2 protein chains.
Amino acid sequence: MAAVTYELIKTCKQTGARLGKVHTPHGSFDTPVFMPVGTLATVKGMSPEELKEIDARIILSNTYHCYLRPGQDIVKQAGGLHGFMNWDRPILTDSGGFQVFSLSGLRKITEEGVTFRSHLDGSKHVFTPESVMDIENDLGADIIMAFDECAPYPAEYDYVKKSMERTTRWAKRCKEAHTNTEKQSLFGIIQGGMYKELRIESANQLKELDFPGYAIGGLSVGEPAEIMYEVLDYTAPLMPADKPRYLMGVGTPDYLIEGAIRGIDMFDCVLPTRIGRNGTVLTSNGRVIIRDAKYSRDFSKLDPECDCYVCRNYSRAYIRHLIKCGELLGLRLTTWHNLYFLINLMKQVRQAIMDDKLASFRDEFYLKYGYTK
Amino acid sequence: MAAVTYELIKTCKQTGARLGKVHTPHGSFDTPVFMPVGTLATVKGMSPEELKEIDARIILSNTYHCYLRPGQDIVKQAGGLHGFMNWDRPILTDSGGFQVFSLSGLRKITEEGVTFRSHLDGSKHVFTPESVMDIENDLGADIIMAFDECAPYPAEYDYVKKSMERTTRWAKRCKEAHTNTEKQSLFGIIQGGMYKELRIESANQLKELDFPGYAIGGLSVGEPAEIMYEVLDYTAPLMPADKPRYLMGVGTPDYLIEGAIRGIDMFDCVLPTRIGRNGTVLTSNGRVIIRDAKYSRDFSKLDPECDCYVCRNYSRAYIRHLIKCGELLGLRLTTWHNLYFLINLMKQVRQAIMDDKLASFRDEFYLKYGYTK
């Protein structure tokens with residue numbers, strides 16, 4: 001049996017969204033789920049206990065970043081990411097593909113792999129499907145992602161086709177190189193850009209490799225929301241129903257809900273932590289830029305409907321003061337609240353699936369949040 | 001009765017150090033005590049719950065900084081510092097004297113007060129004994145400090161004498177201006193530089209004003225340790241035995257122990273938080289610069305003898321990684337450990353007083369910590 005398995009609990013009659021459970025060597029989590037991003041073996045600003053307090057059930061860490069710092073051998077020696085960062089719940093590592101392909105100008109792609117220069121010191125490195133599997137094995141996450149090529153947007157059909165086909169060949173090599181299958185499950189990544197034909201081809205090729213889970217890559221890379229929804233509309237149904245479906249790099253509230261409606265189980269995004277550090281918070285009434293002077297004497301909580309630790313204990317005026325002064329606690333509180341907001345949103349999404357009313361929930365949420373569609 | 005009172009529990013037979021309790025409107029704390037510094041209404045990097053977890057019983061906040069940001073009226077409207085920052089234990093505010101006198105070149109001193117320019121935007125402000133009392137009343141700390149002039153080191157006798165005499169006149173004006181005596185106690189600050197005669201004069205003049213507590217200011221301003229100990233040797237005995245004695249701005253482990261031995265009850269310093277953010281930690285075997293490459297594969301805890309949250313859960317290798325990457329959690333963990341170290345040190349000091357063996361404790365501590373005297 002695979003290290004990671006999926007259990008379908010219920011399908012929303014109103015939308016077809018899936019309520020499920022993913023089982024891993026470090027415990028189970030309910031889906032649809034939002035995964036906070038812990039790039040460098042830490043979710044910026046949060047302690048493991050705080051992540052548990054907001055009920056984070058799985059986090060993501062970045063292979064590219066951990067490979068550069070502190071290096072795979074140090075993490076391995078510490079007992080993998082779980083031991084290194086003191087987190088005993090599930091972890092997913094990406095493959096570094098997205099990162100090295102984002103280093104435009106610094107990289108060279110061949111069939112063998114990618115030669116790139118570190119964004120830190122310019123030093124030269126090579127990622128191949130085999131070397132990435134070796135790194136991800138050392139990092140020891142429960143779910144590891146295949147090394148893929150993520151095509152940019154927009155991109156020509158021919159480029160995307162070649163890139164997608166290479167992703168399939170690399171997925172095969174990843175599968176052969178990944179031997180620690182009892183403790184870590186390797187997910188394949190469907191590519192194909194915004195071309196339906198290529199997405200279908202990619203999904204079919206990867207399904208033949210029989211991965212324990214599948215992701216959709218190459219979305220949320222700058223395309224309009226409508227195009228992303230369209231790709232999801234025809235790609236998600238191609239994914240095996242008995243395995244987890246992961247939409248990579250997606251994390252705004254509307255994308256999470258729309259993704260769930262289209263049958264996606266897992267999401268990750270740096271959005272809540274990144275905008276939090278910039279002083280922007282997510283609330284049930286939309287985003288609030290807490291740095292604004294108008295909040296300097298606002299002694300209400302960040303979100304009138306929120307009952308998180310931050311909203312129970314601190315005012316907008318205090319958090320604004322902290323952020324304006326560059327105080328660490330300010331970054332902690334905005335990050336905490338934003339992560340709680342998305343994790344709590346997914347809890348509501350799961351309840352709505354249970355109640356067969358996810359479309360109604362979406363409409364109500366949008367109305368309050370300020371989305372007009 | 002004064003808002004803040006002192007209860008002497010026991011005197012160490014070996015040293016004369018005082019074990020006591022200070023009672024305030026927000027609860028009591030055992031002395032000798034170390035007060036973490038929360039300059040801008042937050043102890044950098046720490047939440048109020050974490051401060052309680054490490055057993056911080058009283059914190060200090062800076063009047064000068066809170067006056068500039070967010071401003072006294074916002075703090076007042078929030079219910080004072082306690083309400084603003086969500087801290088329900090005792091708070092002490094300094095008077096801003098030390099800060100405005102440190103702004104050399106930017107300030108002008110007259111009998112009325114001090115005109116200075118903000119270090120933030122160069123805007124002009126005036127602090128007088130009366131205006132400082134008004135600010136400290138609005139900030140609402142349990143213990144508030146008189147507006148004093150802190151002479152630099154070294155300084156000529158005549159300069160220090162005039163400065164000390166003005167400090168007495170300002171102390172009188174502070175006492176007259178401070179009316180909220182039921183909820184806040186005003187402490188006087190003994191000045192006089194490194195001149196015994198002036199310290200005696202200052203102490204006698206201030207004692208006539210009958211403050212509920214007294215501080216020694218103008219020490220730890222660059223003078224050698226021996227001179228500070230000498231000043232403490234003759235100044236502490238001049239302070240009323242039935243009131244708290246506070247040594248301002250002092251916080252290295254040796255100064256804390258030597259201060260306690262000389263009869264001091266209260267201490268504060270930015271040292272543990274500041275060096276923590278720079279990647280230096282205090283341990284029972286001396287300081288450790290955790291950024292050093294030699295700790296990259298050191299999977300032991302920061303301090304082999306420490307049982308704080310940080311030492312129970314994280315390795316030197318992980319904390320080094322976080323600090324090297326500029327991760328917020330790294331700053332949090334080093335700060336947490338350092339504050340715990342000093343608060344726990346004071347707990348040991350209190351136990352040693354109880355056991356009449358503070359001198360023996362000091363010698364053992366120095367031996368391990370690496371102080372040679």
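**View 1. Surroundings of Asp94(A) in a predicted model.** Leaving out neighbours within four places in sequence, Asp94(A) is in contact (heavy atoms within 4.5 Å) with Ser61(A), Asn62(A), Thr63(A), Gln99(A), Glu136(A) and Met145(A). The residue belongs to the loop of chain A between strand E6 (91-93) and helix H5 (97-102), where helices (H or I, at least four residues) and strands (E, at least two) are DSSP runs numbered from the N terminus. With a relative accessibility of 8%, Asp94(A) counts as buried, a word that stands for under 20% relative accessible area, whereas exposed stands for over 50% and partly exposed for values in between (1.4 Å probe, protein chains only). This is a predicted model, in which local features need pLDDT of at least 70 and side-chain atom pairs count only at pLDDT 80 or more, while totals for chains, interfaces and linings use all residues. Residues are numbered from 1 along each chain as its sequence is written, chains are lettered from A and ligands numbered from 1 in the order in which they are written, and side-chain values use heavy atoms, with hydrogens and water left out.

**View 2. The annotated pair Asp94(A) and Asp268(A).** The UniProt annotation "active site" covers Asp94(A) and Asp268(A); although they are spread over 175 residues of sequence, they cluster in space, with a largest C-alpha distance of 10.4 Å. Such annotations, given in the numbering used here and with shortened feature names, may be inferred rather than shown by experiment. Asp268(A) is part of strand E14 (residues 266-268) of chain A and is buried, at a relative accessible area of 8%. Not counting residues up to four places away in sequence, Asp268(A) touches several residues, among them Phe34(A), Leu60(A), Tyr246(A) and Gly249(A), and its side chain reaches the backbone nitrogen of Gly249(A) at 2.8 Å.

**View 3. The aromatic pair Phe127(A) and Phe147(A).** Over all chains, the whole structure holds 34 aromatic pairs, counted for rings of Phe, Tyr and Trp (its six-membered ring) with centres within 6.5 Å, where planes under 30 degrees apart are stacked, over 60 edge-to-face and the rest tilted. Phe127(A) and Phe147(A) form an edge-to-face pair, 6.0 Å centre to centre and with 85 degrees between the planes. Phe127(A) lies in strand E9 (residues 124-127) and Phe147(A) in the loop between strand E10 (143-145) and helix H7 (157-177), so the pair ties together parts of chain A that are 20 residues apart in sequence. Both residues, Phe127(A) and Phe147(A), are buried.

Definitions and conventions
Polar contact = N/O pair within 3.5 Å; in protein donor to acceptor, adjacent residues only side chain to side chain.
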